[in-house]
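Biologist: I am new to this structure. Please take me through one part of it closely.

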Amino acid sequence: MRQRVLKWMFAGSVCIVATCAMTATGADRHAWVDTWTATPDIAGPALNAQTVRQIVRTSVGGSEVRVRLSNLFGSVPITLGPVHVALGAEEADAVPGSDHALLFNGKPIVTITKGESVLSDPVTMDVKALQKLAVSIYVPADARYHASTIHNAALATAYITETGDATAAVQYPRDEVSGNRFFLTDVEVAGPATKHTLVAFGDSITDGVGSKENANERWPDYLAARLQADAKLKSIGVANAGIGGNRILHDDYGPSAPARFDRDALDKPGVRWIVLLEGINDIGGSGYAWELKDKVVAQQLIDGMKTLIARAHARHVKVYGATLTPYGGSGWPYHSVAGEKTRQQVNAWIRSPGAFDGVMDFDKAVRDPAAPEKMLAAYDSGDHLHPNSAGYRAMANAVDLSLFADKP
């Protein structure tokens with residue numbers, strides 16, 4: 001058996017679609033929440049008569065499961081299926097007897113229109129919080145020239161067969177591997193205990209770049225574990241809507257924060273809170289900019305954040321502001337004296353009363369007290385921009401969990 005590594009990466013500064021509301025199932029009305037998310041950000045390599053199995057970790061449990069598949073960056077309609085979900089075992093394998101076939105409007109195969117996404121029918125399945133699920137998607141042969149919609153920096157291995165439908169396999173072939181997510185954007189769960197979704201919205205620092213692969217050590221992962229350790233907060237799902245290179249004021253690798261805010265945050269099922277960690281790419285990118293329109297000042301970022309806050313409040317969703325983490329030493333012109341001044345100005349506004357519904361001071365959590373423009377060495381992944389796993393844990397530990405208490 002051969003193994004070919006399938007990668008699709010972009011070069012960028014920071015490496016960094018769902019249905020809302022309550023759904024009636026059975027005798028009870030209970031909420032769908034997002035237990036896992038990988039936001040689509042680019043068109044990737046095509047698959048041809050192959051199965052891709054992707055391992056995800058839930059943030060909250062439930063008694064029913066459904067998934068969302070996306071063709072956001074496809075150039076033509078794409079047909080997918082069969083699609084299966086099972087409990088994850090070691091690496092790419094599934095727990096025997098846990099496999100469930102997913103249907104789409106009662107059918108095992110679905111065609112997704114260019115630029116759109118589809119939600120599977122619910123399947124009854126007991127899913128625990130912080131549990132591994134194996135989601136397997138077969139891509140038929142007629143898709144061989146069709147670009148896949150992917151999430152680029154998965155920090156998790158996707159396992160791809162050389163050929164054939166292995167969606168129901170317990171022991172899964174490991175012919176090829178990839179560092180991307182393919183088509184799968186959301187896993188949702190419902191049950192009497194599920195309640196709300198917290199969306200972590202940001203760039204590659206929210207995406208977890210710099211953390212250990214296949215370890216679920218992004219700051220939203222650590223925060224999900226903290227929520228599960230609190231008996232009063234175990235009903236909250238965490239959706240990671242981080243995209244590498246994301247900016248507030250301009251498109252970059254994927255659409256800007258305002259352009260994707262509805263799809264990737266406000267339209268998530270059960271969304272009640274958004275943690276906004278955006279702006280460092282705007283500041284760093286400004287150092288490379290040749291045209292005046294691409295130069296960024298603090299007030300532009302503040303105004304952009306105000307717009308996002310107003311949009312969330314119009315939907316009765318709270319927004320918590322996260323201070324921008326240190327990036328001193330990441331290299332000129334990405335980091336500069338002017339850029340550092342802008343970061344400090346933006347952070348001062350984020351911390352100011354009335355700016356956000358609450359504040360998460362990630363800057364304070366990871367900065368070096370002796371050199372506040374830099375990240376503490378113990379938390380630095382090595383590029384002086386992205387934290388390592390310890391840094392992401394420190395960020396999650398700095399979150400005041402009372403911000404998510406169920407208050408009117």
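Is Gln131 buried or exposed, and what is its relative accessible area? Please go on from there to its surroundings.

Modeller: This is a predicted model, in which local features need pLDDT of at least 70, side-chain atom pairs count only at pLDDT 80 or more, and totals for chains, interfaces and linings use all residues. Residues are numbered from 1 along each chain as its sequence is written, and side-chain values use heavy atoms, with hydrogens and water left out.

Gln131 is buried, because its relative accessible area is 18%. Buried means under 20% relative accessible area, exposed means over 50%, and partly exposed lies in between (1.4 Å probe, protein chains only).

Now its place in the chain. Gln131 sits in the loop between strand E12 (123-127) and strand E13 (132-139). Strands (E, at least two residues) and helices (H or I, at least four) are DSSP runs, numbered from the N terminus.

Next, its side chain. A polar atom there lies 2.8 Å from the backbone nitrogen of Lys128. That is a distance within the polar-contact limit, which is a pair of N or O atoms within 3.5 Å; within protein, one must be able to donate a hydrogen and the other to accept it, and residues adjacent in sequence count only if both atoms are side-chain atoms.

Then its other neighbours. Leaving aside those within four places in sequence, Gln131 is in contact with Val56, Arg57, Thr58, Leu87 and Asp126. Contact means heavy atoms within 4.5 Å. Gln171, in turn, is 40 residues from Gln131 in sequence, and their C-alpha atoms are 19 Å apart in space.

Val56 and Arg57 are contacts of Gln131, and strand E5 covers residues 50-57. Of its 8 residues, 7 are buried, so E5 is largely enclosed by the rest of the structure.

E5 has pairing partners. Two strands pair if DSSP finds at least two bridges between them. Strands of a sheet pair through backbone hydrogen bonds, either parallel or antiparallel. E5 and E13 run antiparallel and are joined by 8 bridges. Here Val56 stands opposite Leu133 in E13. E5 also runs antiparallel to strand E15 (residues 158-160), with 3 bridges between them. In that pairing, Gln54 stands opposite Ala158.

To put it together: Gln131 is buried, it lies in the loop between E12 and E13, and E13 is joined to E5.
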